[in-house]
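Grab a pencil and work through these exercises one at a time. Try each task yourself before you read its solution.

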Amino acid sequence: MSEKSPKLRAALDGVPTYKPGKPAAAAPGGATTYKLSSNENPYPPLPGVLEEAVRAAGALNRYPDLACTGLMAELSNRFEVPIEHLATGTGSVGIAQQLVQSTAGPGDEVIFAWRSFEAYPIVTQIAGATPVPVPLTAGEGHDLDAMLAAVTERTRLIFVCNPNNPTGTVVRRAELERFLDQVPSDILIVLDEAYREFIRDEDVPDGIDLYRNRPNVCVLRTFSKAYGLAGLRVGFAVGHDPVAAALRKTAVPFGVTQVAQEAAIASLRSEDALSERVAALVEERTRVYEALVAQGWTVPESHGNFVWLRLGDRALDFAAACERGGVVVRPFQGDGVRITIGETEANDLFLKAAEAFRKEI
């Protein structure tokens, strides 16, 4: 009897595998190599967080609180939203996948800017829906007019990544509110604000303020970036009752561990230390940005914890040069390279490698 392979969904054909940032490898001679490829926070957990995580780890033989009761209460109080409007998940990317599963399937469309967060087309195709990428503007930002023009009767969800990963650009209040007001009310608009804490431009609105009187707006946040809990996988969404309820239905049971829940609660209670660390990273971001401009690079102003260089077909060459110089960055071949703002020493090595590469072209 001939053996046949299991029948898998045709929708998975051609779905790219998510590519994480390359880890730092050991350098010759024992020199330190820094990882600037995953937008991780270079600082350790905030004060008191590790202790709470270790305490929670003592109960690893038990399932976590499925409802994330303590974390939900903390988030409700911190952001002044009803608990019924909250949902948690395995990082904001896990929630993004749940949102697509809740809204779109075969024959439906999901719109997003491109290049933007690389998970958007992946989670769309996994659901069997059709991704509709809309090219960025010449200034590396969202082309909201083109995204509006891409809306059809099949559109079910629109992602707006603000700040945009990997380019760092933002959509400001007037243009975003105009966009939200023009999108049909039965289309879910997801404001992905994974890097919200790094914004210093007062004209960039807080998505949670925008969601309050717009039932079709949902906001994504994460503890992976500013809060430095990337290894624990915990994020949350703020949306109105039907959206939040759908997220709870599509969540993997017990997906957010008790360790993650307790660490997130402790992180929310360490706002002063968070502000200090974010301020230090923003200061480093400004220093790196100004140094790159002085070297002659064209760099979009970044509002995240990273900077972006449009290098086209030279992206891999640049990444290789950086690795030889002691830092691992994130290339997107054909488009550019994203560089995380890390330790001062790592940023210095990157700037040295960038300057050397610039002189060669």
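Before we start: a residue is called buried when its relative accessible area is under 20%, exposed when that area is over 50%, and partly exposed in between. Also keep in mind that you're looking at a predicted model.

**Exercise 1. Find the salt bridge partner of Arg221, and work out whether the two residues are buried or exposed.**

Step 1: Look around the side chain of Arg221. Its salt bridge partner is Glu193, and the closest N and O atoms are 2.9 Å apart.

Step 2: Arg221 sits in strand 7, while Glu193 is in the loop between strand 6 and helix 7 (207-211), so we have a link between distant parts of the chain, 28 residues apart.

Step 3: Apply the cut-off. Glu193 has a relative accessibility of 2%, so it counts as buried. Arg221 comes out at 3%, so this residue is buried too.

**Exercise 2. Classify the salt bridge pair Asp209 and Arg212 by accessibility.**

Step 1: Check the pair. The closest N and O atoms of Asp209 and Arg212 are 4.0 Å apart.

Step 2: Asp209 has 44% relative accessibility, so it's partly exposed. Arg212, at 35%, is partly exposed as well.

Step 3: Zoom out. The count of salt bridges comes to 20. Arg115, Glu140, Arg310 and Asp335 are linked in a salt bridge network.

**Exercise 3. Describe the sheet of seven strands: what is its order, and which strands stand at the edges?**

Step 1: Trace the strands across the open sheet. The order is 2-8-7-6-5-3-4, and the pairing is mixed.

Step 2: Look for strands with a single partner.

Step 3: Compare directions. On average, neighbouring strands are turned by 25° against each other, direction ignored.

Step 4: Pick one pair. Strand 3 (residues 109-114) and strand 5 (residues 155-161) run parallel, paired over three bridges. Ile111 has Ile158 in strand 5 as its bridge partner.

Step 5: See what packs there. Helix 2 touches strand 2, strand 7 (217-222) and strand 8 (235-238), and makes an angle of about 125° with strand 2. Helix 4 (residues 119-126) lies across strand 3, strand 4, strand 5 and strand 6 (188-192), at about 170° to strand 3.

**Exercise 4. Now describe the sheet of three strands in the same way.**

Step 1: This open sheet has the order 9-12-11, with antiparallel pairing.

Step 2: At the edges you'll find strand 9 (306-310) and strand 11 (330-332), each pairing on one side only.

Step 3: From one strand to the next, the twist averages 20°.

Step 4: Five bridges hold strand 9 and strand 12 (residues 336-340) together. Here Leu309 stands opposite Val337 in strand 12.

Definitions and conventions
Residues numbered from 1 in each chain as written. Predicted model: local features only at pLDDT ≥ 70, side-chain atom pairs only at ≥ 80, totals over all residues. Heavy atoms only, no water. Pairing = 2+ DSSP bridges. Helix = DSSP H or I, 4+ residues; strand = E, 2+ residues; numbered from the N terminus. Axes fitted to C-alpha atoms, helices over the stretch in contact; angles between N-to-C directions. Contact = heavy atoms within 4.5 Å. Buried < 20%, exposed > 50% of the residue type's maximum accessible area, 1.4 Å probe, protein only.
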